[in-house]
Amino acid sequence: MSEYIWLIATYASIGIFALGMAVRVVRIARLPLHLRWELAPVPHERDKHEYGGSFLEEPDWWMKPRERSRMNELLFMLKEIFFLHAVRKNNRRIWPFSLAFHTGLYCLFFMACLLVASAAMSAAGYAAPAALIETPAGILGGAAYLLGSMGALGMLVLRGLDRDLRSYSGLPAYLNLAVLFVLFASGGFGMIIEDGFIGEMQRFINAAMLARPGLALYHAAAIHLGAGLFFLALLPFTSMVHFAAKFFTYHTVLWDDRRMDAAMEKEVGALLGQPVGWKSSHLGADGTKNWIDVVKGE
Amino acid sequence: MKPTRIKNISKITREPLSANEIDDLVPLPPPYDRVEDQPGWKQLTGEQREAYACDLDGVVALSLPKPKNAEEEKQVVDSFVSGLRKLLSKENNWTFLQPLTLTLDYCARCQTCAQSCPVYQESGGNEIYRPTYRSEIFRRLVKKYTKRGGALLAKLKREDIDLNWTTISRLYELSYRCTMCRRCAQACPMGLDNGLITHELRKLFSQELGWAPRELHEKGTVQQLTVGSSTGMKPAVVRDNISFMDEDLSEELGIKIETPWDVEGADVLLIHNAGEILAWPENPAAFAIILNAAGVKWTLSSEAPAYDGVNYGLFYDDFQLARIVTRHMEVAKKLGVKKVIMGECGHQHKAMMTIADRILTGNLNIPRESSLTFIEDIVASGRIALDPSRNDFPVTLHDPCNIVRNLGIVEPQRRILRKICPRFREMEPHGVNNYCCGGGGGAAIMSQHNFKDWRVSVSGRMKFRQILEAFSDSPGPEIKKYVCAPCSNCKGQIRDIFEYYGAQEKSGLTYGGLVELIVNAMPEIKTPYIKWDVT
Ligand code: SF4
Ligand code: SF4
């Protein structure tokens with residue numbers, strides 16, 4: 001029976017995660033075009049990004065081609081994702097813990113990818129060599145559990161002890177970190193006390209992929225998977241989804257320096273046609289006048 | 001200084017939530033390090049305390065009258081809640097809804113932003129000035145009052161904040177303790193923007209409750225839209241002032257200075273911050289000298305409001321912003337100019353060059369360029385003769401946030417200074433990492449009650465420290481030193497800082513724009529153009 005419960009829990013948390021994330025992302029993406037609010041440095045400036053310059057430094061800039069570099073954006077993002085560059089530069093106190101914790105998550109993610117890939121191969125009838133799956137998965141798992149539990153614990157303690165962090169941390173912040181600590185620590189514990197812990201994870205993923213129950217989980221593995229599934233389902237409802245939001249804050253706000261073009265003008269026209277509900281008398285809005293009328297003062 | 005808890009914002013107290021004491025502030029270097037030598041702050045009178053909300057930090061920037069009765073209080077609370085809802089609606093706030101939603105929903109409460117905020121840092125870590133203090137209160141109120149089940153969730157998460165008149169009036173004052181410099185946004189690992197939260201809060205107050213600082217609203221945007229300029233100058237007065245300035249300086253400098261007006265089909269419409277014409281006429285005059293010497297076909301406009309590039313709507317009200325910028329461009333269209341050049345005014349740059357880009361449609365979207373790039377092009381082309389030895393004094397550069405951090409115009413002004421000022425040195429940090437002058441977001445023109453004391457000694461403290469450090473090789477008054485600040489509002493704030501501390505007498509400091517230095521380097525100008533006693 002419990003094997004079925006594991007399967008159902010797995011599908012449910014993947015489903016909740018996927019749906020929750022999709023709703024989040026679609027909601028942000030569907031928000032209307034906003035006024036320009038870019039902030040230097042904008043990394044896609046090809047030659048000027050190093051000192052934060054922009055195309056607006058050019059005389060008659062509207063007559064010149066924009067010199068953009070997607071590569072610079074990519075490098076910026078990689079530095080941000082893997083080294084937490086902004087935290088390193090501006091908040092050295094939390095950086096080591098945050099870095100350990102994020103690296104732990106990445107390792108866990110890559111380990112899960114490997115195990116899923118291997119499960120997919122074996123479902124298709126190919127057996128992947130151990131050197132390609134088990135060994136790297138073991139290394140990634142070890143790194144994930146060690147760094148992740150150190151980082152999550154460090155962040156948890158820091159949040160509790162540091163007055164600045166404590167006064168701004170609500171219960172959810174501690175809960176999220178606690179779940180992550182359990183996830184990493186149980187994985188680490190499992191690896192220490194159980195031979196073939198990663199193999200067990202692999203078997204679970206295989207079974208889940210083929211919707212085949214019949215797998216008994218030991219204590220550490222059960223806690224680890226339970227915490228993992230809970231974390232997955234919880235993620236879209238917490239501020240930890242900032243990894244998705246960050247894409248928008250950079251690409252659609254801080255780096256969005258697109259000029260008005262015909263398509264945008266149409267969009268802006270529609271937005272300006274909306275009724276204004278603000279009440280202050282200097283606006284002279286009555287709930288039916290649109291933005292254009294209010295701006296014209298009619 | 002007592003630490004303040006977030007929830008205390010709504011506690012009704014006789015004393016301010018967190019009062020400012022000069023000795024809590026980060027000490028300045030000598031000779032400004034002795035607290036007892038500092039001028040101290042204007043004390044509020046008993047009458048002022050009775051009349052106005054002053055229980056945030058003991059500073060009054062806004063003169064908000066206290067409500068007369070419970071009914072009035074309730075109206076304020078209801079309007080605030082309806083304003084919160086409008087800020088989150090697509091119809092009423094399409095202009096900033098996406099950036100606002102992101103900042104509200106994804107803060108990791110890591111406090112990285114606090115390390116970058118000059119106001120918070122220089123106040124000695126006064127909790128109410130922490131970038132996230134304001135944002136967190138706002139965020140909790142948004143969740144509680146605009147989301148389904150928000151009130152219950154707030155209780156469960158222990159994030160409940162009472163919304164009463166005290167909360168709202170304190171938030172109102174608090175929204176004017178941030179200069180919207182966006183240094184915090186640059187540091188935030190999530191790319192979130194506490195400066196934008198300030199902006200949106202101010203908008204709510206203005207657009208829903210009709211609350212805005214007198215200097216920005218009645219005397220600012222309203223006056224500009226009705227009279228033509230936030231200075232109160234009507235078209236005829238502007239023309240008179242400029243022609244008086246032309247005559248006066250022509251005589252003094254021994255060259256003919258002539259300002260062209262309303263030239264149809266000119267290549268360039270130059271728009272100054274009209275404050276320059278009254279407070280620092282040598283700046284518009286320097287523009288006239290340079291443009292005429294370079295043979296540019298340019299013009300000023302005498303049609304309201306296009307002789308004043310100011311647009312305080314940027315700081316507090318989207319509609320006032322749009323009204324002003326639209327009128328600016330209607331005049332440019334009528335004149336048929338090829339492009340509009342921003343004078344040395346930071347917020348004018350931002351309002352007209354980027355923000356307005358998605359407001360101006362059709363043929364109102366006339367190309368707009370910074371005077372910094374335009375003038376650099378002239379300097380680099382060799383069209384005017386320049387002798388750097390005439391600028392042989394220490395010069396440092398202040399980076400106006402609205403031009404540098406917000407627009408990415410960093411190098412043109414530096415290339416000019418490297419060429420014409422042999423003793424140019426940078427402040428640290430500089431460029432896009434600069435610190436605000438402390439007068440951003442409209443603060444520089446706000447001086448009610450004791451607010452000027454606050455902006456000079458708290459929000460402007462970091463800038464003063466940077467200036468002193470930039471000239472640490474020659475700290476005494478015997479060597480005259482120039483702070484180049486190519487922005488009218490920054491100049492106003494730097495003037496006030498220098499006056500407050502007596503920095504001209506004690507340290508030989510003066511300030512001015514960029515074009516003045518260029519004219520000072522022109523050999524054809526016989527008398528020195530830089531005056532060392534401008535404060
Ligand atoms: S740095 Fe960004 S994420 Fe961290 S507390 Fe400040 S606004 Fe929030
Ligand atoms: S915008 Fe500037 S003044 Fe305001 S909170 Fe951010 S860093 Fe501080």
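A salt bridge is taken here as a side-chain nitrogen of Lys or Arg within 4 Å of a carboxyl oxygen of Asp or Glu, and under this rule four salt bridges are found across the interface of chain A and chain B. The structure is a predicted model, in which local features need pLDDT of at least 70 and side-chain atom pairs count only at pLDDT 80 or more, whereas totals for chains, interfaces and linings use all residues. Residues are numbered from 1 along each chain as its sequence is written, chains are lettered from A and ligands numbered from 1 in the order in which they are written, and side-chain values use heavy atoms, with hydrogens and water left out.

A salt bridge links A:Arg36 to B:Asp357, with the closest N and O atoms 2.9 Å apart. Polar contacts (pairs of N or O atoms within 3.5 Å; within protein, one must be able to donate a hydrogen and the other to accept it, and residues adjacent in sequence count only if both atoms are side-chain atoms) number 47 residue pairs across the interface of chain A and chain B, both residues being at pLDDT 80 or more. On the side of chain A that touches chain B, the largest share, nine residues, comes from H10(A), where helices (H or I, at least four residues) and strands (E, at least two) are DSSP runs numbered from the N terminus.

By contact (heavy atoms within 4.5 Å), 76 residues of chain A meet 93 residues of chain B. The area buried between the two chains, meaning the accessible area (1.4 Å probe) that two parts lose on being put together, summed over both, is about 7,500 Å², of which carbon and sulfur atoms give 59%. Of the area that chain A buries against chain B, 14% is supplied by A:Trp37, A:Tyr168 and A:Trp278, more than by any other three residues.

Within chain B, strand S3 (residues 339-342) is covered on both faces, with B:Lys339 and B:Ile341 buried on one side and B:Val340 and B:Met342 buried on the other; buried denotes under 20% relative accessible area, exposed over 50% and partly exposed in between (1.4 Å probe, protein chains only). Strand S1 (residues 268-271) of chain B runs parallel to S3(B) and is joined to it by four bridges, pairing requiring at least two DSSP bridges between two strands, and B:Ile271 stands opposite B:Met342. S3(B) also pairs in the parallel sense with strand S4 (residues 368-370) of chain B over three bridges, B:Ile341 standing opposite B:Glu369.

In chain A, A:Thr238 lies in the loop between helix H9 (219-234) and H10 and is buried, with a relative accessible area of 8%. The side chain of A:Thr238 reaches the backbone nitrogen of A:Met240 at 3.0 Å.
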